[in-house]
Structure formats: structure tokens, C-alpha cells
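Open the structure in your viewer and keep the selection tool ready. Each stop below gives something to select and says what is there.

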Amino acid sequence: MPTRRTLLHVSAALAAAPLSLAQDHARHGLTQIENAAPKVARFFNRRDMALLARLVEQIIPRSDTPGAADANVHYFVDFQAHTNQRLGAQLKKDLAWIRKQGFDRADSARQVALLMAWSAAKGTEPYRVFKQLKDLTIDGYYGSKEGLAQELGWNANTFLREFKGCTHPEHGA
Amino acid sequence: MYVQNAPEVHDVIVIGSGAAGGMAAWNLTRQGVNVTLLDAGTRFRREDFWTHVKPWQWRERVERGMAPPKIRLDNDEQPYSWKDPNYFELIRVWGRGGKTNIWGRVALRYSDVDFAGPARDGWEIPWPIRYKDIAPYYDKVEQEIGVCGGDDDQDSLPGSRFHLPPPALRCGERFLQSAARRQGISVVNQRRAVVTKPHNGHNPCHFCGACGRGCDVSAFFNSTDYLLDPAEKTGKLKIIDNAVVARILLGENGLANGVQYFDRYTKQERVIRGKRIVLGASCVDSTRILLNSKSAQYPTGIGNSSGVIGHYLCEQVRFHMYGFIPELMGTRPLNDDGIGGEHIYMPRFNHRDGRKRDYLRGYGSQFWGIGAQPGAAYAKQLDGFGLEFKKAVKRRYPALVAMHPYGETLPRKENRIAVEGTPLDRYGVPTLRIEYNISDNERKMIAEMYDMAEGVMRAAKAEILPFERGALDNFGSAIHEHGTCRMGEDPKRSALNGFNQMHDVKNLFVVDGSAFTTASEKNPTLTILALAWRSTDYLAEQIRKGDI
């Protein structure tokens with residue numbers, strides 16, 4: 001006959017089971033992907049990749065946290081181009097246009113000035129070029145560990161026994 | 001073509017394995033009835049869900065050529081069309097559990113504000129049931145599957161003494177709740193079919209917030225784990241996988257006597273015979289099956305002497321409004337996952353203030369996407385770039401709030417699902433075409449919905465992201481199709497009676513959203529479950545009496 005002590009042990013193990021089940025499952029996933037392979041460009045050439053790295057870094061630069069180039073956002077853009085033929089063709093043209101504006105030869109201040117001019121010209125082709133790159137940079141950076149976890153402080157999709165929600169008394173908690 | 005015909009005559013054939021079909025199979029088998037269920041796919045493996053894959057890990061996997069389990073049906077596999085220019089977004093799941101694998105888990109009771117609405121305002125036919133008819137079934141469903149929620153009770157959103165504990169509110173939800181109260185609008189704990197404490201042997205939620213990818217511990221209601229697995233344990237349920245149903249067959253006696261289906265992959269045509277048929281393949285696919293089930297007696301589809309099948313399609317209108325709460329800007333982000341989606345809900349209130357509207361029916365609001373999210377798409381709506389832009393994005397990150405008002409659409413005959421003249425699918429069966437638009441009634445309601453949402457945001461002193469007044473999400477995006485095989489008392493104006501039984505074909509029951517007389521502004525799944533339970537209680541009783 002089970003004692004009260006053994007019953008307590010069994011019920012504690014049962015209570016913990018769902019969490020450990022999910023944790024085991026997740027750990028299995030993590031070990032597969034934390035050892036990420038070095039990044040390889042699949043669509044753009046080395047020259048285009050260098051230009052892309054410069055562009056994304058100007059859009060979201062390094063501060064006390066990594067910038068977009070640190071987060072390999074140019075490789076994210078490359079992968080989007082690789083998997084979306086239409087986007088890839090458009091970006092190729094856009095990078096050629098950006099090069100024609102002298103962006104790749106300009107110093108940082110001049111690069112910022114060019115981006116400012118394009119970003120202010122709403123409704124024009126330069127604005128479209130800028131906005132598309134900006135949106136891709138946002139998707140790439142704030143979906144990266146550097147952008148989402150380090151910069152924004154996201155620490156979720158995890159395992160909690162209790163969800164506390166808002167704990168600020170000043171918010172009515 | 002050689003057609004495989006099984007000689008066995010099954011007691012009950014259930015078509016579909018989602019909320020409707022799953023409930024039918026579960027309720028019948030537990031009452032000793034033998035059920036054969038046709039599922040258009042197979043079981044999704046929980047172990048395969050990418051529930052705990054961080055966004056950057058997801059990206060790594062995709063770049064390596066991996067993919068999460070494909071739960072949604074690929075429209076290339078089963079095409080559909082719409083009447084231009086009104087695109088209709090159709091999301092279907094063929095496989096065990098159907099859409100309950102990835103549903104939003106919002107579990108709201110209809111009330112007599114909904115059931116008595118058509119009788120009150122005279123628009124189209126009345127519901128044949130009232131809240132008192134279904135309330136005991138809501139009780140039973142909630143006890144069985146586990147629904148968390150508060151202890152409030154309103155005329156437009158009945159309460160329940162069976163709710164599991166609600167999750168705590170996020171900061172942004174507190175601000176919007178207070179702001180709505182200051183506007184005289186009640187915002188309550190959302191009711192959701194998430195198990196917030198161990199319930200009926202189901203694992204509790206561990207608050208990872210990734211429910212939309214499928215739950216790896218089955219902590220929210222899905223038909224597979226909560227209904228079909230227990231039904232299989234009775235020994236009374238047989239499931240046939242990859243059975244894409246084309247037609248329900250009619251016998252000379254005017255009763256349904258079988259089902260024609262195709263193997264999803266081999267395309268082998270098969271026919272099984274049955275004494276009773278319960279159709280629960282989701283509103284659109286059930287309607288397609290009914291309309292394609294033509295015979296000399298029913299040239300426009302089985303049981304369609306009224307001509308209503310396919311018509312009166314309803315899908316809610318909705319839009320999204322985002323903002324940032326100033327008091328939360330620059331604060332430390334919290335883990336805001338909770339049970340995924342919103343913890344609060346705004347029930348319909350526009351019938352209470354005594355003010356006469358120039359439109360019929362009403363709206364409520366949902367609030368998902370509040371607080372720290374796994375991304376910052378809002379940044380695309382902020383101007384600029386560079387360090388200042390980066391700071392602006394970070395500052396707003398913990399402060400994001402969102403409103404998603406849902407409005408009822410009136411049932412109108414011209415909104416329909418049709419199969420005539422459509423291309424054939426890979427099995428040679430006509431595909432479906434959706435013809436859908438909204439009317440002035442909805443447009444007037446939407447104008448008020450925008451005023452309401454903006455008013456609440458302003459009362460919260462939110463910095464509102466730019467929005468286009470009057471803009472709507474795609475038709476169909478709520479994934480709440482209703483009304484195309486509606487129930488009613490008048491057989492000339494409805495296809496089903498109040499027990500989801502066909503007026504014309506007494507051994508055929510339709511138990512999914514197509515049976516709804518109106519759509520309400522609410523998510524329908526809890527009501528589908530309750531109606532399917534009630535309908536199959538009736539069917540089981542008829543079987544016991546030997547009447548069907």
C-alpha cells in the first residue's frame with residue numbers, strides 16, 4: 001500500500017510532467033540549431049553583400065547592442081532574395097541604382113545624407129527603394145537574437161509554472 | 001473506373017474530425033453507437049510542432065531546408081475561387097482535429113442577444129433555438145474541455161460557473177480595460193479553451209505563447225486529444241484517413257445511404273454505406289459536399305428543396321488598431337506570452353445605451369498582440385532610421401497595445417458558396433467558388449467600430465499608429481464562416497431543424513458552422529461544440545427509439 005510520502009512523490013512528479021515534457025522537446029530542438037553553420041550568401045555576390053551590410057547597418061546601427069550587420073541581417077535579406085525570385089530581381093536592380101548614387105564609395109556621413117534624402121521623398125522611387133530595405137532590415141534584425149533578445153529584451157516562448165502578468169501596483173495590479 | 005465498394009453498412013458515418021465531427025464522434029461513441037469517421041488527412045504529431053523554436057532558430061532551420069509541419073491545407077492541392085474583385089481568404093485544415101490544432105481558442109457563449117436577434121429586428125429567418133436550449137450544453141462542453149474565464153455575466157456574454165482560472169492581465173491590457181471603462185464600455189476576462197490548471201487529465205498551459213504553431217503538451221482544446229482519442233478508447237470509433245469526401249449518396253427511400261470519397265493520395269474512389277450521416281467538415285467544405293451531392297430528387301444538392309444551401313454565407317468583419325501606452329514606454333519588457341493571444345474581451349454593448357443605430361446587430365473586440373512580441377513589425381510604421389530610430393523602436397516595445405473589433409454581418413442571399421461552372425479538383429469533383437461582399441449595414445457598423453476603437457485608445461492616451469478609417473481585414477480572415485446550411489423552423493427557408501437535422505433527409509445531420517442562422521460577432525467554436533453535442537444527443541435518442 002502506498003504511503004503518504006510515496007503518494008506525494010508521485011503527485012509531484014505528475015505535476016511536473018507536462019513542463020518537463022515540453023522542456024525535453026524544446027531542448028531537442030535547441031541542440032539541433034544552436035550550432036548554426038557559418039553564413040553563406042546564396043543569391044548576391046560578394047560586392048552586393050558588402051553593400052547590403054553597409055545599408056542595413058546604417059538603418060539599424062551598432063550601439064551598446066549589436067547592429068543589423070552584426071546580426072547578419074544582410075544574409076537574411078540574401079535568403080529572402082534567394083527564396084523569392086521577384087524580390088531578388090528587384091533588389092538586384094535597387095542595389096545597382098544605389099551604387100549609381102555613389103553610396104558604396106561615400107563616407108558614413110554622406111551615406112546617412114543619402115538615406116535621409118530617400119526616406120524623406122515619400123511617394124517617389126528612391127523612397128520605395130529605401131522603404132523596402134528598411135522593412136527587410138526590421139524583419140531581419142528584430143527576428144534575430146541580437147535584435148530581439150539583446151536589444152529589445154524579449155525573453156519569452158519559455159516555460160512558466162505561473163504567468164504573473166502585470167505586477168506593477170501603479171497599473172492597478 | 002473501378003470503384004471499391006465496401007459491403008458493410010455503418011451505423012453512423014461522421015465526415016470531418018474538427019470541433020464538429022470530433023464532438024459528434026465522441027458523443028455518439030460514448031453512448032454506445034458505432035461510428036466510422038472520414039478524415040481528409042491524418043494525425044498531426046505533437047512532437048513535430050515547432051512550439052519552442054525561437055524566431056532566430058526558426059530562421060536557421062528554414063535556411064537549412066527544414067519546415068514546420070504543414071497544418072494548413074495548400075490551396076494548390078484543393079483550389080477554390082472567388083468572385084472578383086472580392087478576394088475571400090479561405091483557411092482550411094485537412095487532418096485530424098482540423099482547425100482546432102491551431103485555432104484562436106476564444107470560447108464565447110452566444111446569448112439571447114444573438115439567438116433572438118433576427119426575431120427582434122426581422123432580418124431574415126429567426127433561430128429555432130434560444131439560449132435556454134443550449135445553455136446546458138455550454139455547461140457540459142466547458143466542463144469537458146476546460147475553458148478559462150472570469151466570473152462576470154452579461155446579457156450579451158453569459159457567464160459560467162465552470163470557468164477555469166483566468167490568466168493574469170498584461171500591463172497594456174490593464175490600461176485598455178481601464179480606458180474602456182472610462183468610456184462606459186465593459187472589458188472582461190476573455191474566455192478561452194486553455195487549460196490553466198490540470199483538467200480532466202489534460203496538461204496545464206506552461207505559458208509559452210506559441211499556441212498558433214500547435215501545442216506540444218495539448219494544453220488547449222483540440223479535437224484529436226480531447227475528443228477523438230477518448231472516442232477511440234471506447235472501441236466504437238473507426239477512423240479512415242485521407243478520405244476526401246466528394247458526395248453524400250441518396251437512396252431510393254429518400255434517405256442518405258452512403259458517402260463517396262477519394263483517397264487523398266492514390267485518388268482511388270471509394271463508397272461506404274451508412275444508416276445515418278453526420279456532416280461536420282467545416283462550413284465551406286460541408287457546403288461543397290452538399291451542393292455536389294446532386295440527384296434526381298435534389299438537383300441542386302442533397303436536402304436542398306428550400307434552395308438555401310450555399311446561400312447566406314456570413315463571415316465577420318474586422319480590423320486592427322495599434323498604439324503605444326506612454327506610461328509603458330521605456331519600461332523593462334516583461335514576458336507577456338501568457339496563454340497566447342488576449343486575456344481580455346469586449347462583449348457587445350451597443351444594444352444597451354438606448355441610442356437608435358442606423359444599422360442592425362453589433363460588435364465586440366478582441367485584443368491579441370499586446371506587450372512584448374516576438375518581433376517589432378510596428379517599427380515599419382515609424383519614420384526614420386539610425387540610432388534615434390533604434391531607440392524609438394526599443395522605447396515603444398513594452399508599450400504596444402492592440403484592438404481587433406469584430407462585427408456581425410447580416411445573412412444575405414447573394415453571399416454564397418457555389419459549385420456550378422467551377423473547375424474540377426484532382427478527383428474530378430467541382431471546386432467551390434465564394435461570392436461575398438458586405439452591405440451598407442456593415443459599413444455603418446464599421447464606422448462606429450472605428451470610433452469606438454479610437455475612443456478607447458485615446459482614453460488610454462495611446463500614441464496610435466496610423467490607420468485608414470474604414471479599412472478592413474480580408475474577407476474570410478476571421479476564419480468564421482457560417483450560415484450556408486442554416487437551421488430554422490420553416491423548411492421552405494432553412495435546410496436544418498433546431499437539432500441540426502435536415503428537414504428533407506432525416507438521417508443526415510449537419511453540425512458545423514454552416515448550420516448557424518446568424519454569425520454574431522463572436523467566435524463560433526464553443527457554440528459549434530455545444531450544438532454538435534445537442535444534435536448527437538438527439539440522434540442517439542432517435543437511434544435508441546429506432547426512429548432513424
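Start in chain B, in the loop between β3 (80–82) and α3 (112–115), and select B:P85. Helices (H or I, at least four residues) and strands (E, at least two) are DSSP runs, numbered from the N terminus. The peptide bond between B:D84 and B:P85 is cis, with omega of about 5 degrees.

This is a predicted model: local features need pLDDT of at least 70, side-chain atom pairs count only at pLDDT 80 or more, and totals for chains, interfaces and linings use all residues. Residues are numbered from 1 along each chain as its sequence is written, while chains are lettered from A and ligands numbered from 1 in the order in which they are written.

Next, select B:E124, in the loop between α4 (117–121) and α5 (131–145) of chain B. B:E124 is not a glycine, yet its phi is positive, about 55 degrees. Most residues other than glycine have a negative phi. B:E124 counts as partly exposed, with 19 C-beta neighbours inside 10 Å. (Buried means 20 or more other C-beta atoms within 10 Å of a residue's own, exposed 12 or fewer, partly exposed in between; C-beta atoms are placed from the backbone.)

Move to B:S520, in the loop between β17 (508–510) and α11 (525–545) of chain B. Here too is a non-glycine with a positive phi, about 60 degrees. Is B:S520 buried or exposed? B:S520 is buried: 30 other C-beta atoms lie within 10 Å.

Finish at the contact between the chains. Select 47 residues from chain B and 44 residues from chain A. Contact means C-beta atoms, placed from the backbone, within 7 Å. On the side of chain B that touches chain A, α2 (55–63), α6 (171–182) and α9 (386–396) each supply at least two residues. α2(B) gives the most, with 7 residues.

How values were computed. Contact = placed C-beta atoms within 7 Å.
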